[in-house]
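Please read the following report on strand pairing and aromatic contacts alongside the sequence and the coordinates.

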Amino acid sequence: MFPRPLTYERAFDVLDELRRQMDRAWEDIEDPSVSWPRTTVRDAGEHVIVRAWVPGLTEKDVTLTLHDGVLTIAGERRLTVPEGYVVRRQERAGSRFSRSFALPAKVDGEKATAEVKDGVLTVTIAKAAEAKPRQIAVRTKE
Amino acid sequence: MSKDAKNDKSWVRPRVDVLEGEAELMLVADMAGVGREAIDVRFDDGDLTITGGRFWRTFAMPDGVDPEKIAAEYTNGVLTVHVPKAAAKRARRIDVRAG
């Protein structure tokens, strides 16, 4: 596997490189150049769960549309500066947004729920009956 | 938590806006999904540190703030910290009276 004996030093090099990649992965999370809001789509067996980090927003600020297996999350975050205040540093993004995600399984749009808590939107959509995992009984052949 | 542990890059720097008003500095940090009870705000030797979940960030505060009166609130995943200026540092409007 390795062209020459793996010394301790080189082992650490490999670990360092791994850690650098992990660091980048973490940094990406809050990198302003990455689309806002940060979103994950997860196949959770019976459901598909979509989660979006939308600090500052509530249910009424977000619009969800499900069409042909594509979920669209849209809305607007407005950042207001109170009267008499001056902006000294601005890192937070405030804008209209719309992001679409092809869901990883066929879903039943009638069975979807959504909530926003502490600035995290969670959309839970039931999979269509034929897309749900099924347990297959294994029988011993006599 | 030791200072070394804080250097571990698995911490995420929250995005922060800083606004200045006549009587205070206001820090606004995006910290979604943390929950109010998990948030820690402290002022130590001129540094304001906010921690919660994976989020961690420190700001050096200018001289002339009043650490006793720092207040913070967490709403919809956004942490707002109010750092009042010490009375002597506030801009004052001086009335000009007729002589």
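The report below takes up strand pairing, then ring contacts.

This is a predicted model, in which local features need pLDDT of at least 70 and side-chain atom pairs count only at pLDDT 80 or more, while totals for chains, interfaces and linings use all residues. Residues are numbered from 1 along each chain as its sequence is written, chains are lettered from A and ligands numbered from 1 in the order in which they are written, and side-chain values use heavy atoms, with hydrogens and water left out.

Strands are DSSP runs of E with at least two residues, helices runs of H or I with at least four, both numbered from the N terminus; two strands pair if DSSP finds at least two bridges between them.

| Strand pair | Sense | Bridges |
|---|---|---|
| Strand 4 (residues 47-52) and strand 5 of chain B | antiparallel | 6 bridges |
| Strand 7 and strand 8 (residues 120-127) of chain A | antiparallel | 7 bridges |

In chain A, an open sheet of 4 strands runs in the order 1-2-8-7 with antiparallel pairing. Strand 1 and strand 7 (107-117) of chain A each have a single partner strand, so one side of each edge strand lacks a neighbour in the sheet. Within the pairing of chain B, L48(B) stands opposite F59(B) of strand 5.

The structure holds 2 aromatic pairs over all chains, counted where ring centres of Phe, Tyr or Trp (its six-membered ring) lie within 6.5 Å, with planes under 30 degrees apart stacked, over 60 edge-to-face and the rest tilted. One of them, W36(A) with F97(A), is edge-to-face at 5.4 Å centre to centre and 75° between the planes.
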